[in-house]
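Please view the sequence and the structure together before reading on.

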2 protein chains.
Amino acid sequence: MAASWSMGPGTLEVPLSLFAKNRKRLAEKLKPGQIVVLQGGESINHYDTDVEYVFRQESYFTWACGVREEGCFFALDPGTSASYLFKPRLPAEYEVWMGKLHTCDDFKRIYGVDHVYYVDEISKVLKGLHPDALLTLSGPNTDSGLTAKEAVFEGIDEFKVDNETLFPIIAELRVIKTPEEIDVMRYVVKVSSDAHKQVMLFTKPGLIEYQCESIFLDHCYRVGGCRHVSYTCICGSGHNGATLHYGHAGAPNTKPIQQGEMCLFDMGGNYAGYAADITCSFPANGKFTDDQKLIYEAVLSARDAVIEAAKPGVMWDEMHLVANRAMLEHLKKGGLLNGDVEDMIKAGVNGVLQPHGLGHFLGLDVHDVGGYLPGCPPRPAPPLSRLRTARQLLPGMNNPEQSRFFNWEAVERFHGSGGVRIEDDVLITDSGVENMTQVPRTVAEIEDFMANGANFK
Amino acid sequence: MAASWSMGPGTLEVPLSLFAKNRKRLAEKLKPGQIVVLQGGESINHYDTDVEYVFRQESYFTWACGVREEGCFFALDPGTSASYLFKPRLPAEYEVWMGKLHTCDDFKRIYGVDHVYYVDEISKVLKGLHPDALLTLSGPNTDSGLTAKEAVFEGIDEFKVDNETLFPIIAELRVIKTPEEIDVMRYVVKVSSDAHKQVMLFTKPGLIEYQCESIFLDHCYRVGGCRHVSYTCICGSGHNGATLHYGHAGAPNTKPIQQGEMCLFDMGGNYAGYAADITCSFPANGKFTDDQKLIYEAVLSARDAVIEAAKPGVMWDEMHLVANRAMLEHLKKGGLLNGDVEDMIKAGVNGVLQPHGLGHFLGLDVHDVGGYLPGCPPRPAPPLSRLRTARQLLPGMNNPEQSRFFNWEAVERFHGSGGVRIEDDVLITDSGVENMTQVPRTVAEIEDFMANGANFK
């Protein structure tokens, strides 16, 4: 049996025990006779053509077994702890196009599960386990509003199916990361940090935004083995920095970067399914103006306040307000705001300046599951309704913290100058926070790094 | 009105007249009262998450109007030649996430169509045109077996819908490229040629295959403005070169390249929707062995024979045999085959050595439409059944020619050494062939380029 998987020399070896431990944690939450059945992802064609998107596996499926190929099913018998994979039975002539087809024995070796069969055998095999019920996955993704992919196969109507039990259990397990998962996240955050640093060294006025995106993608893939990024790269310069999800097809990172502009680059690699999510904001020419410094340091003070305050037991909506208070104080000190900070919050000034929640969970999904599970605090009323969670922090949670300052009419001299966001990937430890992100963050660090790159560790 | 669209300084300006001319050609084939309705692509989420694939437009939709955003409809009234776009009506608060939302007037300016409305107005607007019938798109893609995306909107059941007339007409129009389209294809093939050259200079034993893929992607995007490639990069070294569609998720370009191996890299950029499709085969260390040279030159002789013979009027299945004969002759001369070449073809030796068709049409799709339209020669019987077309060549057709040599048991010393493919993107001109591909092709050119890169133009 292979003990691990990697993208080759120089990239992280992901131990198969990562997935085995996830399965063990899941089995412990279930009763004998409750057979878990998950369906993996299918490939997607570009419309009616024979070209496919590069396959990406569904996240719950990755969590349970790490399978990187399409068309599979997974089953887990909590009574025996035995794991089952079911793979497509492909015609032998596919070898000409796809290379040597994996056998069931190959799959057993590659993915380290107990039993492997073909998909057309799933009904027969599951019947042999005499399940009280098949547990399938069904529940809402509270970030997208979409529903989890529920397993369906020929013959499933002959079983008793329970699609309510599994979802809250497996989603909650995904919220708390194991040491093995944390190692993978440290790796992908390190690769993504390094890629951001390459981008900072490359950026200069005159380039087009997507040229910076390309540098990021190349570093993540060529150096770190990340074939995918975790979301569409957001590479905003100048006023585009104020658009939270800039970079989509209607605004595809095509503006030339101008002298004097700030860049706001929000990009994260993906390794073995696990996501990084990092935002760097810096001046295109490597030198902050006084105004840029004022705004940047207001956001940085919000980030610092949260890193200082976050630890097991604190509530996420409190952290959001900790960030807001620090930002408002800083802007008041800088002469951009007047009055009492608590009054500003009552008046909703913080929501104008930061129109999104502080952060979100991070894991196999960039906006990871578990924000609003049953038994957790519900979505708060406005102005906190955009928070992606209101939960209490616990060790093993992963959060990228996010802070941003919008300058609307309030401060005319900033009008159209964009935004600042600082986004770190942090882990809640027993005593506080581990910041896994390793990029220049203070004004002095950024200016020094962009002038003399090699000096920054 | 914008006269053109590009990815910014240094990239090709694509004139909006390209799409206007396509519409004009289409209108001329139809009768007044036949209102064309096309539906553009939708974005696709990663399963239930809020992350989306970077949007790619459907090819017929691109052909007709060049729209790069999701959720739109297009209509053409051949009676008046008027073109209509229908765009989604988005809530104003989306601006925080997406940036300034395009108005209908913006769309008119950006895409150069006559009228722009919101999608929720489509039924009302089309009724005002008093159509005899709405022509929708429905027909088979003969490479994938899938069916074209047919327009559906609320209220379409109140119209007479004809889904048979449009498909063969628009598919045939896509087969013959206009001068404007050929300019775009020359550009994307040039960018992709340059990217292949960068890869050749970068490649050496010890690298992992995907590191070469990353170099290709970065050059296409950063230098050429190609955010997408036209198909998953195939980066096979050694025995992987024998797998036609290597590079998929089950075999993701992760083998370290060994000393003495051949590389077979099949990669093509995409610009404004138009595809390149180029394969380069070369020794990882820059120097062919005698055996590698023998196989490579057999394939090169097949490519040369086709470029020599191809011109308007020739049949594609004849070209396939021209390539096969040249390859077999060369291998016979090299001592790998015995007997009469025509006898070998009768015995199917060519099909063993080249298990795929010679090439395919190229355009908005990498395997472009029109291979087996009504009125064209049908798919030939085996051994030519894998040809993607059997048509007569005409000026304005685009073909990447493909040649490959497999070494099975027949020639033991080549067993496991992979394959060779040479794939050029050529245009059928009035008198012959224009090869748009610009990469080192002969053994001497490749060895010289890999040793002294800068000298090759």
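The model is predicted: local features need pLDDT of at least 70, side-chain atom pairs count only at pLDDT 80 or more, and totals for chains, interfaces and linings use all residues, while side-chain values use heavy atoms, with hydrogens and water left out. Residues are numbered from 1 along each chain as its sequence is written, and chains are lettered from A and ligands numbered from 1 in the order in which they are written.

**Strands of chain A**

Helices (H or I, at least four residues) and strands (E, at least two) are DSSP runs, numbered from the N terminus. Two strands pair if DSSP finds at least two bridges between them. Strand 10 of chain A runs antiparallel to strand 11 of chain A, and four bridges join them. Within this pairing, I234(A) has D266(A) as its bridge partner, and S237(A) stands opposite C263(A). Strand 11 of chain A also pairs with strand 14 (residues 278-283) of chain A, in the antiparallel sense over six bridges; there, L264(A) stands opposite S281(A).

In a regular strand the side chains alternate between the two faces of the sheet. The table lists buried residues (under 20% relative accessible area, 1.4 Å probe, protein chains only) by face.

| Strand of chain A | One side | Other side |

**A residue of chain B**

V189(B) lies in helix 7 (residues 179-202) of chain B. V189(B) counts as buried because its relative accessibility is 0%. Not counting residues up to four places away in sequence, V189(B) touches A276(B), I278(B), D425(B), M436(B) and T437(B), where contact means heavy atoms within 4.5 Å.

Notes:
Buried means under 20% relative accessible area, exposed over 50%, partly exposed in between (1.4 Å probe, protein chains only).
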